[in-house]
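Student: I am new to this structure and would like to know what the terms rest on. Please show it to me before we start.

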Amino acid sequence: MIGEDMGEIVNLNRFRKAREKADREQRAIENRAKFGQSKLANRQREALDRKADKLLDGHRLGKRDGEPE
């Protein structure tokens with residue numbers, strides 16, 4: 001019989017798009033592990049940096065030469 005040995009019909013565009021999506025997701029996982037902290041961790045670090053800068057500026061005795069006001 002002709003149709004018995006044939007495989008399942010596959011939409012190549014769907015297959016290609018699904019494969020590309022899986023590749024993008026894998027790359028995103030690798031980049032998160034390689035580069036990143038979560039958005040929350042970045043915001044917390046930035047808040048601590050601003051607080052430290054403000055505290056340091058509050059302890060200055062006066063304006064230094066060449067320093068903007």
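Student: Which residues form a nonpolar patch on the surface?

Tutor: Val-10, Leu-12 and Phe-15 form it, with about 330 Å² of accessible area together. This is a predicted model, where local features need pLDDT of at least 70 and side-chain atom pairs count only at pLDDT 80 or more, while totals for chains, interfaces and linings use all residues. Residues are numbered from 1 along each chain as its sequence is written, and side-chain values use heavy atoms, with hydrogens and water left out.

Student: What makes a patch, and how is accessible area computed?

Tutor: Patch residues have over 30% relative accessible area and no salt bridge; nonpolar side chains (Val, Leu, Ile, Met, Phe, Trp, Tyr) are joined within 5 Å, like charges within 9 Å. Areas come from the Shrake-Rupley method with a 1.4 Å probe, and for residues only the protein chains shown count as cover.

Student: Why is Leu-12 called exposed?

Tutor: Exposed means over 50% relative accessible area, buried under 20%, and partly exposed in between (1.4 Å probe, protein chains only). Leu-12 has 65% relative accessibility, so Leu-12 counts as exposed. Leu-12 lies in helix 1, residues 12–35; helices (H or I, at least four residues) and strands (E, at least two) are DSSP runs, numbered from the N terminus.

Student: What makes Glu-20 and Arg-16 a salt bridge?

Tutor: A salt bridge needs a side-chain nitrogen of Lys or Arg within 4 Å of a carboxyl oxygen of Asp or Glu. For Glu-20 and Arg-16 the closest N and O atoms are 3.6 Å apart, so the pair meets the definition. The two residues are 4 apart in helix 1, about one helical turn. An α-helix has 3.6 residues a turn, so residues three or four places apart point the same way.

Student: Why is Glu-20 called partly exposed?

Tutor: Glu-20 has a relative accessible area of 32%, and Arg-16, at 31%, is partly exposed too.

Student: How many salt bridges are found in the whole structure?

Tutor: The search finds 3. One of them joins Glu-25 and Arg-32, at 3.5 Å from N to O; Glu-25 is partly exposed at 43% relative accessibility. Asp-49 and Arg-45 also meet in a salt bridge, at 3.7 Å. Both lie in helix 2 (residues 39–58), 4 residues apart. Asp-49 is partly exposed at 39%, as is Arg-45 at 40%.

Student: How do you know that helix 2 lies largely in the open?

Tutor: Of its 20 residues, the number buried is 0, so helix 2 lies largely in the open. In the protein, 0% of the 69 residues count as buried.

Student: What span does helix 2 reach, and what is expected?

Tutor: Helix 2 reaches 29 Å from its first C-alpha to its last, close to the expected 28 Å. The expected span is 1.5 Å times one less than the number of residues.
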